[in-house]
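Take a look at the model below. Then read on, section by section.

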Amino acid sequence: MADQPTALERFAQGILPENPVYRQLLGLCPTLAVTNSVKGAIIMGAAVLFVLLCANAMISLIRNLLKPHLRIVVFTLTIAAFVTIVDRFLAAYMYQMSKDLGPYIPLIIVNCIIICRCEVCASKQPVFTAAADAAGQSLGFTLGLVSIASVREILGTGMLLGFRVMPAAWPDWVIMVLPPGAFLTFGLLLGAVNWVVAKKSASGKKHQGAS
Amino acid sequence: MTETPDFIEPIDNTPIEPPSLIQVGHSPHLSHASCSTQRMMMDVLIALIPVTGMAVYIFRLYAIKQIAICLAVCLIAEAVFVKMRGRSFSLTDGSAAITGIILGLSLPGPAPWYVGVIASVVAIGIGKVIFGGLGMNLFNPAMVGRAFVMISFAGIMAASGYESAVSGIDAITQATPLNAFKQMGISTPLKDLFFGFTNGSPGETSALACLIGGIFLCIRRTASWEIPAGIIGTVLVMGGLADLTGSPSGWTALHHLFSGSLLFGAFFIATDPVTSPMTSKGKLIFGAGVGFFIMILRFFSGYPEGVMFAVLLMNAVTPLINNWTIPKAMGE
């Protein structure tokens, strides 16, 4: 087997070079649905962090026991157990947030990011690397969510995390907190990220060519 | 005397080369040398004169302000976005100017300046240039921009947005005819609707001005007659059916036809050659679909008017209609 990335590489990759939202386009359902407020986005990111960390660690520990044809079932059941914990925790201690996020917390079970990380990293690498991978990917996911949510919340309500950042006369762009705003913001930000990446790789190539 | 080439000379002065390949370009498709995008856009500009004149006569400074803002911002946005995409300069084809004027005519006069600015930037940026510029856009750019501000600033764009105490004609202080009808069941006299002495978006109130401009466009074949015919026919049929069921307030099929932005939309918005089907059968289906959705939205939705959403809905199925109505080639 080829050399697997180290824990540090795994962590760093998740944040920008392999950002789940902008580079892998995974987990787009919550990305579009819960990004009309920054607070919701942060809670969603935290929930994913908990589930991914626990699931990755657990899968990594039992990786030698996995049977290839049953591994997806095992992944899903493990993830479901931790998602249930998060879901009940939110319902008990953050009732309003739990209501706001609605079905998107239970839906973490089928979030591709988590199954993808279990498959790519946790089922092949030791616990520490798997945990670093989980942390990096969830940070990247939260970063993606918060960036979209900031744009939508500022334009849509003139506020950020509940604090007014725009002048009082700011006309709320109601469309930005509605579903079309999610698609527009995500599309435009994705375009911007792609543009930056293309620019970077072009200048990198030029650099190599010169030296 | 020099040798004359035995093939048709191209209209511009590009180096002459034999027409060996059939060029497959994107719409609008032009078959005659005198046809060009500029000529079509010129026609639309001429056809918009009666509508614009009527708008300025009734709404005075409001109309001028709104049209000027939208026109200027659309042109600037087109120049900036096209440059960002690294394409050649495309302002001269006039399409951005048309989008700007139509958008300006379709926004309520008293709406604040930023509504026109945002609508124009969205129309050109998200409605057109993102898809690849003129000919590539799926949705009518002006309606994309209008839908964006309509949903964003519902309060400014809805009933109260049209009311203002200062204007040339007393009508402007009233609710729009469709709003008055929807909310209070008051119907407006047909004569006022026909000539346009009612409140509304600057471009839409005068049915007569829209008809004059629209018929000019159809005669010049810049707009296809099938689309307005389909819309008007469907509206009359559905309005007539509603009449038969007993309309309590005297709002007849003709009221439906002359009120709101129906004729403006039928002649100037739905006929956009880029976002409507290519075959005449397809155009009839498209027109009928727009008319159907307008009536459904007017009867059953919370909005008093449905032209904008009807056009956007049918824009979305235009590729499908094109696919259904591919003409059979000879011998197939």
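## A residue in the core

Which residues does Ala119(B) touch, not counting residues up to four places away in sequence? The model is predicted, and in it Ala119(B) touches Cys70(B), Leu103(B), Leu107(B), Gly145(B), Arg146(B), Phe148(B) and Val149(B).

Ala119(B) belongs to the largest nonpolar core, which has 86 residues. Ala119(B) is among those with the most contacts inside that core, along with Cys74(B), Met143(B), Val290(B) and Val311(B). Helix H2 (residues 61-84) of chain B gives the largest share of this core, 11 residues. In soluble globular proteins, nonpolar side chains tend to be buried together.

## Chain B as a whole

Chain B has 14 helices and zero strands. Of its 332 residues, 48% count as buried. Now take the contacts in chain B between residues at least 6 apart in sequence. Of these, 72% join residues at least 24 apart.

## One face of a helix

Turn to helix H1 (residues 7-15) of chain A. Here Arg10(A), Phe11(A) and Gly14(A) are buried. Seen down the axis of H1(A), the buried residues fall within an arc of 95°, so they line one face of the helix. An α-helix has 3.6 residues a turn, so residues three or four places apart point the same way.

What do the buried residues of H1(A) pack against? Their partners are helix H6 (112-122) and helix H7 (127-157) of chain A.

## Where the chains meet

How many residues does the contact take from chain A, and how many from chain B? Chain A gives six residues and chain B gives seven residues. On the side of chain A that touches chain B, the residues divide into six nonpolar, no polar and no charged.

## Two positive phi angles

Most residues other than glycine have a negative phi. Leu25(A) is not a glycine, yet its phi is positive, about 50°. Leu25(A) sits in the loop between H1 and helix H2 (28-33) of chain A. Is Leu25(A) partly exposed or buried? Leu25(A) is partly exposed, with 13 other C-beta atoms within 10 Å.

Arg221(B) also has a positive phi, near 60°. Arg221(B) lies in the loop between helix H9 (207-219) and helix H10 (226-244) of chain B. With 11 other C-beta atoms within 10 Å, Arg221(B) is exposed, because a residue with 12 or fewer counts as exposed.

Notes
Residues are numbered from 1 along each chain as its sequence is written. Chains are lettered from A and ligands numbered from 1 in the order in which they are written. This is a predicted model: local features need pLDDT of at least 70, side-chain atom pairs count only at pLDDT 80 or more; totals for chains, interfaces and linings use all residues. A residue is buried if 20 or more other C-beta atoms lie within 10 Å of its own, exposed if 12 or fewer, and partly exposed in between; C-beta atoms are placed from the backbone. Helices (H or I, at least four residues) and strands (E, at least two) are DSSP runs, numbered from the N terminus. The arc is that of the directions from the helix axis to the C-beta atoms. Two residues are in contact if their C-beta atoms, placed from the backbone, lie within 7 Å. Ala, Val, Leu, Ile, Met, Phe, Trp, Tyr, Cys and Pro count as nonpolar, Asp, Glu, Lys and Arg as charged, and the others, Gly among them, as polar. A nonpolar core is a set of buried Ala, Val, Leu, Ile, Met, Phe, Trp, Tyr and Cys residues joined through C-beta atoms within 7 Å.
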